[in-house]
2 protein chains.
Amino acid sequence: MVNVRIFVTYKQSVFDPQGETIKDAIHSLGHDEVTAVKVGKFFDVTLDTNEDEVATAVKEIDDQLLVNFNMETYTYQVMEEA
Amino acid sequence: MVNVRIFVTYKQSVFDPQGETIKDAIHSLGHDEVTAVKVGKFFDVTLDTNEDEVATAVKEIDDQLLVNFNMETYTYQVMEEA
């Protein structure tokens, strides 16, 4: 079993209105030290496979399902292997 | 400057229908080795402060804004200090 965390974010060039709104809300709480907020999604995926096959599986799943490559990009990290 | 990544997820006891739906979709792609999918949000927050003050700020921001403690829980990690 391999646990993978896939992070999906807007590309740097894409404006993140939700992040800007949250930053404003944080400022209104008095936390003016916050200078930037970016929002993203993550997917904790458990695979019954070995670590060698994870990269291929994650790429296929992201390409075909999880990521809108027009606006988004992804990274992932292997959390643990049990 | 400190960069913090805050992860917000459903509590273990709360059913995650989006994760279940994505798992089914992944299976229909042929990736039957995927046994579980959990979905979460993350927030990349940049704070113009030092690391000592991060824990207090993150707790306040999460308590007052980002987390619905009825259904959700959070963790965070300091990504880097510049």
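1. Let me start with K23(B), which is buried at a relative accessible area of 15%; buried here means under 20% relative accessible area, exposed over 50%, and partly exposed in between (1.4 Å probe, protein chains only). The side chain of K23(B) meets that of E20(B) in a salt bridge, 3.6 Å from N to O. For that term, a side-chain nitrogen of Lys or Arg has to be within 4 Å of a carboxyl oxygen of Asp or Glu. E20(B) counts as partly exposed, at 31% relative accessibility. Because K23(B) and E20(B) are three residues apart in helix α1 of chain B, about one helical turn separates them.

2. A word on the ground rules: this is a predicted model, in which local features need pLDDT of at least 70 and side-chain atom pairs count only at pLDDT 80 or more, while totals for chains, interfaces and linings use all residues. Residues are numbered from 1 along each chain as its sequence is written, chains are lettered from A and ligands numbered from 1 in the order in which they are written, and side-chain values use heavy atoms, with hydrogens and water left out.

3. Chain A has a pair to look at as well: E20(A) and K23(A) form a salt bridge of 3.5 Å, N to O. These two residues are three apart in helix α1 (residues 17–28) of chain A, so about one helical turn lies between them. E20(A) is partly exposed at 31% relative accessibility, whereas K23(A) is buried at 16%.

4. Do have a look at R5(B) and D44(B), whose closest N and O atoms are 2.6 Å apart in a salt bridge. R5(B) belongs to strand β1 of chain B and D44(B) to strand β2 of chain B, so the pair ties together parts that are 39 residues apart in sequence. R5(B) is buried, with a relative accessible area of 13%, and D44(B) is partly exposed, at 22%. Strands count as paired if DSSP finds at least two bridges between them; the elements themselves are DSSP runs numbered from the N terminus, helices being H or I with at least four residues and strands E with at least two.

5. On the side of chain B that touches chain A, β2(B) gives the most, with 14 residues. β2(B) is joined to strand β2 (residues 34–47) of chain A by 13 bridges, and the two run antiparallel. Among the bridge partners, D44(A) goes with K38(B) and V45(A) with V37(B).
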